[in-house]
Amino acid sequence: MRTRILVFAKLPEPGQVKTRLESRWDATRAARLYEAFLRDSLASTRRVRGAELAVAYWPPGGREWFASAAGSELELLPQRGNDLAERLERAFRDCFAIGYEAVIVRNSDSPDLPPERIEEAARLLEEHEVVLGPDQGGGYYLVAMRAPYRDLFSRVPMDTETSLEATIAAARGHGLEPRLLAVHPDIDHPEDVDRLWARLGEDPSLAETIPETAVELQRCRSDLRDSPDTKRSPESEIDPDDRECRGVD
């Protein structure tokens, strides 16, 4: 089955990405952190076997940056539409229109998502029409389909605690029963950053899998350490020089 993977990505401009992280870091640091997520997400997705990879980027004017970041071997596709739901629907429709039999869209802010999870989605598409990868906040890090079902996303409140539930309901409205992958976190809030930092402390070898993110996380911790007025969560008190965290830098 001819399969395409689309990494849905945004240009890492300050003030335009990961704005919910700005309750702890400034817009420039939040954008740099997202850029690290994106670069690590691209690197891991390149290791997926049996599928053709492309990047669906936003905004359309960001092509030059993505051409530099993604490399000349990856196809770049501008996202088209007024909102995320419309851009998702058009991306699926465009891929199926040029002959793909299965399309997998993954996010760009789950840098430690293993390639094997995407390969699992591809295998499940052999028997299921829709596959969803739930995140920890009621949304999803991955959506995969074998046909461009119209209006599957149009009534879904995107980027909310009910996105997954609403998408499942929309699929059932088409007579489909989505297959769910294991839950995997994305990074939207400072607390999500804390949890990823904690996972790096528990398993320093993870830094080899997400090297760009690991370096940027270290810088984030340094920002907090050097800024006494910053409100810190309990997790953010972890000493970056602690033995468990030495594998990060």
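The protein chain has 8 helices and 7 strands, where helices (H or I, at least four residues) and strands (E, at least two) are taken as DSSP runs and numbered from the N terminus. The structure is a predicted model, in which local features need pLDDT of at least 70 and side-chain atom pairs count only at pLDDT 80 or more, whereas totals for chains, interfaces and linings use all residues. Residues are numbered from 1 along each chain as its sequence is written, and side-chain values use heavy atoms, with hydrogens and water left out. Of the 249 residues of the protein chain, 51% count as buried, a term that stands for under 20% relative accessible area, with exposed meaning over 50% and partly exposed in between (1.4 Å probe, protein chains only).

The 7 strands form an open sheet of mixed pairing in the order 3-2-1-4-6-5-7, two strands being counted as paired if DSSP finds at least two bridges between them. Strand 3 (75-78) and strand 7 (179-180) are the edge strands, each pairing on one side only. Strand 1 (residues 3-10) and strand 2 (residues 52-58) run parallel and are joined by 7 bridges, and within this pair Ala-9 has Tyr-57 of strand 2 as its bridge partner. Helix 2 (residues 63-70) lies across strand 1, strand 2 and strand 3 and runs at about 145° to strand 2, while helix 5 (residues 163-173) packs on the sheet, touching strand 5 (130-134), strand 6 (140-145) and strand 7, with a direction that makes about 170° with that of strand 5. Contact here means heavy atoms within 4.5 Å, and the angles, which run from 0 to 180 degrees, are taken between N-to-C directions of axes fitted to C-alpha atoms, for helices over the stretch in contact.

Strand 6 is mostly covered, since 6 of its 6 residues are buried. Strand 6 pairs with strand 4 (residues 102-106) in the antiparallel sense over 4 bridges, and Val-105 stands opposite Val-143 of strand 6. Strand 5 likewise runs antiparallel to strand 6, to which 5 bridges join it, with Val-130 and Met-145 as bridge partners. The hairpin of strand 5 and strand 6 has 5 residues between the strands, and in it Gly-138 takes a positive phi near 95°.

The count of salt bridges comes to 22, each requiring a side-chain nitrogen of Lys or Arg within 4 Å of a carboxyl oxygen of Asp or Glu. Arg-4 forms a salt bridge with Glu-75, the closest N and O atoms being 2.5 Å apart, and this pair links Arg-4 in strand 1 to Glu-75 in strand 3, 71 residues apart. Arg-4 counts as buried at 3% relative accessibility, whereas Glu-75, at 38%, counts as partly exposed. A further salt bridge, between Arg-29 and Asp-223, has its closest N and O atoms 2.7 Å apart, and it links helix 1 to helix 8 (residues 211-226) across 194 residues.

The side chain of Arg-117 reaches the backbone oxygen of Ala-182 at 3.5 Å. Leaving aside neighbours within four places in sequence, Arg-117 is in contact with Tyr-141, Leu-181, Ala-182, Val-183 and His-184.

Notes. A polar contact is a pair of N or O atoms within 3.5 Å; within protein, one must be able to donate a hydrogen and the other to accept it, and residues adjacent in sequence count only if both atoms are side-chain atoms.
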